Amino acid sequence: MAESLSRAEDLAVVTVVSNFQKLVEVVERKDADAALIDPERLHGDCMAAACEIRRVRPLCGVALIVDAPTRTFVDQALGAGVLSIIPRSAGLRRLIDSVRGVASGQVVMDPQLLSAAGRQDGPLSDREADVLRLTASGASVKEMSGELYLSSGTIRNLASGAIKKLGARNRYDAVRIASEQCWI
C-alpha cells in the first residue's frame with residue numbers, strides 16, 4: 001500500500017510503522033499532513049493513536065482503513081478526530097483521494113457511514129444493526145462472527161431479533177426495511 005501511495009504525484013510516504021508510539025513520534029517529527037492507520041497492523045489502540053496525533057499535530061489529517069466499520073466504531077473514530085474511514089476493499093484511486101482530502105483537512109467519508117454515526121432512533125440495537133449492515137455487504141454468518149467477535153449462534157439470534165422487530169420475512173428483507181428507514 002505504501003509503495004502504491006508513493007507513486008501518486010503529490011504524495012510522499014514518509015515511513016511505515018507498526019506501533020502507536022512510533023507513529024505519533026514520526027507524525028510530529030516529520031511534520032506530516034496525513035496519517036493513514038490500519039488498525040489490524042498497528043500494535044496499540046488506533047483511536048488513542050488518532051487522538052494523540054491530533055493533539056501533537058492538530059493539522060495532520062487522520063484516516064483509518066478498515067473492513068466493515070460498525071456504527072460504534074464510526075462514532076468513536078469521529079470523536080477521536082478521524083477525517084476518513086476507508087473500506088479495505090476501496091480501490092487505489094479512492095485511497096489516494098481520501099489521503100489527499102484528509103491532508104487538506106477535509107472529511108472524506110462515505111455518506112452512509114456519516115448518516116449512521118450517532119443515530120439512536122429505530123427499533124434495532126447496535127449489534128442488530130451491525131449484523132444487518134454486514135448482511136448487506138454480503139458477509140456470511142461465519143464472516144460476521146469473526147468480524148464482530150461473536151459466536152455464529154449469537155449472530156443468528158441477533159438477525160432473528162432484527163427480523164422480528166422489523167416484521168421482515170428473512171434477514172435480507174430486514175436489510176431492505178432497515179435501509180429504507182435509514183436505520184443502517
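1. Strands β2 (residues 61-66) and β3 pair in the parallel sense over 4 bridges; strands are DSSP runs of E with at least two residues, numbered from the N terminus, and two strands pair if DSSP finds at least two bridges between them. L64 stands opposite I85 in β3.

2. The model is predicted: local features need pLDDT of at least 70, side-chain atom pairs count only at pLDDT 80 or more, and totals for chains, interfaces and linings use all residues. Residues are numbered from 1 along each chain as its sequence is written, and side-chain values use heavy atoms, with hydrogens and water left out.

3. The open sheet has 3 strands in the order β1-β2-β3, with parallel pairing. Its edge strands, β1 (34-37) and β3 (84-87), each pair on one side only.

4. Helix α7 (residues 126-136) packs on helix α10 (residues 171-180) at about 105 degrees, with the axes 9 Å apart. Axes are lines fitted to C-alpha atoms, for helices over the stretch in contact, and angles run from 0 to 180 degrees between N-to-C directions. Helices are DSSP runs of H or I with at least four residues. The angle makes α7 roughly perpendicular to α10 (65 to 115 degrees). On the α7 side, L132, T135 and A136 make the contact (heavy atoms within 4.5 Å).

5. Helix α9 (residues 152-166) and α7 have axes that come within 9 Å and cross at roughly 100 degrees, and α7 and α9 are therefore roughly perpendicular to each other. Here R127, E128, V131 and L132 are the α7 residues that meet α9.

Definitions and conventions: Angles under 35 degrees count as roughly parallel, over 145 as roughly antiparallel, 65 to 115 as roughly perpendicular and the rest as oblique.
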